[in-house]
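Here is a short briefing on a helix and on some aromatic side chains. Please look at the model before reading the notes.

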Amino acid sequence: SKKGSKKGGKKGAKGNRPDGKAELKQLKSKKVHKYSLEEINEDPGKFNEYCRYWFLQTDIDFSGELTPKEYLKAAKKFHGDAWEDSMEEQCNELFATIDTNGNGTVDMAEFTVAMGRTLLAGGAEGEGEEEDFGEEY
């Protein structure tokens, strides 16, 4: 018997990509989520790891693409008790802005560009302070 085998599978799922779950575990062990804005700004490698970490953290099914539903779920976790239902429309608008090719999903390249705009172009107030969004948001 072929216990646990999947028939069909998702179109484009995994392919030649490394296992997202294993990669996320590796990035967590490196404490990538604890990189400071200064480290991210000064080291392109750390910037890329930081982006990859948060992308994988958001890509719940590890398909390699973020859906609006995954993005919204991550935003709700990130905001926690401060989340208000009125924020959902803003979140959907932001997702559409990040989805630069308009295909309804956000890939790693689109996500990295958006993170670059947020973190590198002026960063946040208090540049150089450690940004710790927790193990998972």
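Which residues are buried in helix α1? They are Gly 20, Glu 23, Leu 24 and Leu 27, in a helix that spans residues 20-29. The model is predicted, with local features needing pLDDT of at least 70 and side-chain atom pairs counting only at pLDDT 80 or more, while totals for chains, interfaces and linings use all residues. Residues are numbered from 1 along each chain as its sequence is written, and side-chain values use heavy atoms, with hydrogens and water left out.

**Helix α1**
- Buried means under 20% relative accessible area, exposed over 50%, and partly exposed in between (1.4 Å probe, protein chains only).
- Helices are DSSP runs of H or I with at least four residues, numbered from the N terminus.
- The buried residues of α1 pack against α3 (44-58), where contact means heavy atoms within 4.5 Å.
- Lys 21, Lys 25, Gln 26 and Ser 29 are exposed on the face of α1 turned away from its buried side.
- Just after α1, Lys 31 has a positive phi of about 55°.

**Aromatic rings**
- The structure holds 4 aromatic pairs, counted when ring centres of Phe, Tyr or Trp (its six-membered ring) lie within 6.5 Å; planes under 30 degrees apart are stacked, over 60 edge-to-face and the rest tilted.
- The Tyr 53 and Trp 54 rings are edge-to-face because their planes meet at 85°, with centres 4.8 Å apart.
- Both Tyr 53 and Trp 54 are buried.
- One aromatic cluster is formed by Tyr 50, Tyr 53 and Trp 54.

Notes. Helices (H or I, at least four residues) and strands (E, at least two) are DSSP runs, numbered from the N terminus.
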